[in-house]
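The sequence and structure come first.

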Amino acid sequence: MNSFPILSFLIFLPVAGSILLLFVDNRDERRDASIRVLTLVVSLVVLALAILLWARFDPTSAEYQFTERHPWIPAFGIDYSVGVDGISLLLVELTAFLTPIALLSSWESVRKRVKAFSIFMLALESAMIGVFLSLDLFLFYIFWDAMLIPMYFLIGIWGYERRVYAAIKFILFTMAGGVLMLVAIITLAWLYSAQYGVYSFDLLKLQTLSFNTPTATRTVEGLLFLAFTIAFAIKVPLFPFHTWLPDAHVEAPTAGSVILAGVLLKMGTYGLVRFSFPLFPHAAITFAPYLATLAVIGIVYGALVSMVQPDLKKLVAYSSVSHLGFVVLGIAAMNMQGVQGAVYQMLNHGVSTGALFLIVGMLMDRRHTRLIAEFGGLKAVVPGLVAVFLVITLSSIGLPGLNGFVGEFLILLGTFRWRMEYGFIAALGVILSAVYMLWMFQRVNYGAVLNEKNRNLPDLSVRERWVIWPTVAMAIFMGLAPKFFLVPMERSVERVVQRLQSAAGPTTVRLESPTSTAGAQRVAPRRVRTFGPGPGK
Amino acid sequence: MLSPSFNAIVPIMCVVAAGIAALLAEALREPGERVPIAGLGVIGLVAAGISAAWLWDRHTTSFGVVSADNFGLFIVLVLVVIGLLTMAFSSQVVSRDHLPGGEYYGVTLLGLSGMMLMATASDLLVIFLALEVLSLSVYVLTAIRRDSEASTEGGFKYFLLGGFSSAVFLYGIAFTYGITGSTRLQRVGEVLAAQSMSENVLAYVALGLLLVGFAFKVSAVPFHMWTPDAYQGAPTIVTAFMSTAVKAAAFGAFARVFLSAFEPLRDDWTPVLWAIAAATMIFGTIVAVLQSNMKRMLAYSSIAHAGYMLVGIVAANDLGKAGILYYLLAYGVTNLAAFATIALLGTRERANDDLRDVSGLATTHPAVAALMTVFLLSLGGMPPTAGFVAKWYIFSAAVSGGYYWLAIIGVLTSVVAIFFYLRIVVMMYMAEPTGEAAVPRFSRFGIATLGVAMIAVFYLGILPTRVLNLAAASITTIF
């Protein structure tokens with residue numbers, strides 16, 4: 001089985017499908033239906049492959065599995081190198097899960113240029129999976145950048161009124177961060193060649209770089225960390241780099257918003273866990289408090305801005321800023337609970353916010369408006385839709401028993417163990433999220449039907465049920481059986497945390513009072529904890 | 001066949017012969033008779049390509065002044081590729097615009113021969129000679145549409161400023177000869193290395209004058225003034241040719257002169273060239289943002305690209321030298337194809353080269369719009385295209401040379417560049433057709449050639465190893 005290159009299939013099957021579509025003659029749009037079916041089939045095959053991957057994945061190992069490595073540009077030590085660990089596995093599953101749903105959700109709402117739409121969606125899926133599976137920084141950057149182009153077209157062609165503006169803003173913001181990361185990647189390879197005599201872009205090899213030499217000083221490490229982290233922070237988006245997000249989310253078509261919120265934002269947080277922190281552990285420890293500060297600002301700010309949005313889609317978009325703040329906070333805490341919660345929250349946010357965008361999309365398909373004030377009393381009109389809306393709203397708030405709770409709880413736990421004050425403010429964010437979500441839900445669904453246009457809206461169609469029910473089922477399942485997802489990621493998260501702690505360990509001893517015996521457990525140097533040391537994990 | 005001392009100029013002679021044959025064919029044809037003149041060019045260029053491949057790794061020298069080393073031959077091969085693509089794109093344009101075919105092809109081929117000579121010359125005077133050959137043919141090509149005011153104006157401006165810069169360049173050669181007693185690059189380098197030149201003001205005068213001459217030819221800021229007018233005024237297919245081929249030849253000679261003969265003065269010219277490279281990248285990019293005419297936009301963008309290639313010369317390490325070669329090929333194919341797409345978009349009555357002329361092109365001509373998008377993204381340096389690998393190569397050179405700021409300026413300007421390249425994409429994909437533009441007629445052959453260029457762009461972007469190795473191997477011999 002190991003000889004079957006399953007990861008390469010996952011990456012290239014969608015793009016192969018899109019190349020196939022390129023040659024389908026669809027001049028008078030008579031083949032729209034078959035193109036849609038073909039695209040969906042391709043994405044379902046990818047989903048099947050992803051499930052197969054999970055089934056064969058060995059959760060007891062912290063190593064990268066199913067690795068493939070082929071020399072690509074040998075002169076620079078660039079390999080086509082892919083592999084999967086517990087963290088990337090789950091994100092690949094998320095991508096494979098959301099893509100068919102997004103395709104199905106656009107079945108009726110995307111009517112123009114169906115062929116091009118399908119091509120871009122499949123190309124996007126390839127690039128997203130490629131980002132998660134790359135173990136070579138050059139390869140990673142290629143997927144990272146290549147992913148922008150289909151997304152740009154998806155927003156720019158099938159979006160709403162200000163789509164062109166939003167598309168260009170999206171691509172420029174992301175690229176501006178990305179190119180600095182490119183310089184950092186090249187610098188890393190060059191530093192590697194200075195220390196080992198050959199170029200390498202291999203993630204694992206680059207992790208052996210020492211930043212204690214005359215050319216590679218701690219300052220260099222800090223700068224490289226910043227270059228990577230700013231690129232990821234823009235993508236997350238971390239406050240204050242978030243301004244592209246409301247535009248892109250609001251203007252994108254439903255399928256685009258789902259993928260954007262569901263998967264693309266995770267690339268930023270994934271990048272932090274996979275690249276920024278493990279590559280530059282010392283710098284990560286230095287900068288973690290700043291990241292955490294920005295994260296909690298984002299949590300509160302996103303929540304407050306969400307509260308005053310008259311526009312449903314904008315509300316969901318800003319809630320993403322708040323939720324992703326939790327993820328960054330969990331990563332910055334750098335302990336098991338924090339990072340595990342962060343990865344779990346990435347999945348949650350993908351499912352819940354993806355589903356919220358789907359529901360908003362369904363409301364828009366019916367009423368062609370996004371304004372909360374236009375709705376009201378929908379519960380009596382479309383009970384089926386409101387039922388799923390309720391579940392998803394509650395999952396987004398983090399009600400125990402649903403998925404959001406597990407992630408937020410773990411993150412808060414990890415944060416409290418790290419620094420109480422951040423945990424305290426972040427917990428406020430949880431309350432605020434209940435406020436804006438429930439208030440929105442109340443205004444849209446309860447009360448009397450005031451607007452005549454709402455009186456005869458159709459309830460969920462068969463297709464829409466297929467779109468939304470899987471996400472609801474997933475939200476419930478993830479809430480009830482978190483172990484199912486926590487177990488595969490455990491070893492990989494442990495490896496990341498251990499790497500950070502081993503970097504912190506000696507530093508802690510040097511910088512801090514010798515009394516801190518629990519130094520290996522605690523990651524934050526330089527500050528004596530203000531509350532009693534928690535029991536060892 | 002000939003005495004071995006002719007070997008190094010065989011590729012050049014093939015092209016010259018084809019050029020003369022083209023002119024003769026035009027002169028001898030009966031009125032109304034159709035002669036496949038472009039075919040002659042193709043034969044000549046293919047012969048040049050084969051002979052260049054044959055000369056590879058042989059390091060032959062002709063008469064002591066033309067050395068067919070791998071560096072020069074790589075550029076000759078790039079010029080062959082550019083020439084072949086130009087011939088292929090021209091066939092439709094020449095008959096559509098009623099350009100004088102014999103003169104057009106003949107002068108293009110003679111210009112190519114000058115460029116090949118420039119890339120392989122190892123003597124300053126021969127470089128000047130080659131420069132004049134290529135410049136004269138490009139002046140003529142720019143003004144080849146005699147009935148067009150813009151074409152004539154562009155040609156005239158180019159001629160005046162170009163003549164001036166040639167004089168400056170020649171003056172620089174004179175000073176160099178005055179200091180070193182030779183115009184052979186190798187000898188110049190030896191003398192400069194042997195003497196302590198730091199007190200010799202004349203050496204700096206020579207250096208400065210040569211720098212100005214080259215900067216003019218590669219259209220680096222602040223010697224770029226002619227570029228937008230000449231590029232916009234010339235028939236688009238000529239712009240396609242001269243924005244790529246002239247740059248390839250000029251950069252070949254530029255790198256050769258500065259990295260071999262004037263290498264001993266590197267510490268002195270590096271800061272100047274650093275500033276020129278930075279200014280060129282920034283200025284070219286920012287002004288391109290303001291353009292509403294696609295030809296003018298791409299003209300400024302080609303200025304910015306010259307800035308990226310200058311980064312390779314500043315870095316002056318192996319990565320930089322090989323990077324320039326790779327960049328020349330990647331940029332050559334991509335930029336030629338982008339301009340050629342605009343050329344094919346035009347009709348006889350209307351050039352269709354304004355930004356709004358392509359609005360809705362994705363609905364009316366989806367294939368052309370898709371091809372154009374690929375070329376623009378490659379120019380912008382997006383993976384997985386040729387432009388990305390080329391830029392990555394150049395920035396790697398800058399980083400490993402310690403020129404972090406140049407690399408950072410480079411990557412940031414390429415983000416801005418993406419913005420204006422995408423403006424064209426926005427018009428093609430996200431705007432409705434205005435109906436103003438004349439409906440272009442694409443020949444199947446034209447589209448097929450664009451398709452070939454697209455395959456090349458992807459090949460260079462996804463599987464760059466072979467060509468990268470070739471470029472890396474071509475610099476080992478001379479520097």
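## Helices α6 and α9 of chain B

α6(B) passes α9(B) in a left-handed crossing, meaning that the near helix is turned anticlockwise from the far one by less than a right angle (right-handed if clockwise). The model is predicted: local features need pLDDT of at least 70 and side-chain atom pairs count only at pLDDT 80 or more, while totals for chains, interfaces and linings use all residues. Residues are numbered from 1 along each chain as its sequence is written, with chains lettered from A and ligands numbered from 1 in the order in which they are written.

Helix α6 (residues 149-180) of chain B packs against helix α9 (residues 226-233) of chain B at an angle of about 145°, the axes being 7 Å apart. Helices here are DSSP runs (H or I, at least four residues) and strands likewise (E, at least two), numbered from the N terminus. Axes are lines fitted to C-alpha atoms, for helices over the stretch in contact, and angles run from 0 to 180 degrees between N-to-C directions. Among the residues of α6(B) that meet α9(B) are E153(B), K157(B) and Y158(B), and the α9(B) side includes W226(B) and D229(B); contact means C-beta atoms, placed from the backbone, within 7 Å.

## Helix pairs in chain A

The axes of α17 (residues 403-418) and α18 (residues 420-445) of chain A come within 7 Å and cross at roughly 155°. That makes α17(A) roughly antiparallel to α18(A) (over 145 degrees; under 35 is roughly parallel, 65 to 115 roughly perpendicular, the rest oblique). The contact includes L412(A) and F416(A) of α17(A) and Y422(A) and V430(A) of α18(A).

For α16 (residues 383-397) and α19 (residues 462-480) of chain A, the axes come within 10 Å and cross at roughly 40°; the two helices are therefore oblique to each other. Their crossing is left-handed. V388(A), V391(A), I392(A) and S395(A) in α16(A) meet I468(A), V472(A), A475(A) and G479(A) in α19(A).

## A kink in α12 of chain A

Helix α12 (residues 281-307) of chain A has 27 residues and reaches 37 Å from first C-alpha to last, close to the 39 Å expected at 1.5 Å a residue (1.5 Å times one less than the number of residues). At F287(A), shortly before the proline P289(A), α12(A) has a kink of about 50°, the angle between axes fitted to the seven residues ending there and the seven starting there.

## Chain A against chain B

Chain A gives 24 residues to the contact and chain B 25 residues. On the chain A side, α7(A) gives the most, with 13 residues.

Terms used: Two residues are in contact if their C-beta atoms, placed from the backbone, lie within 7 Å.
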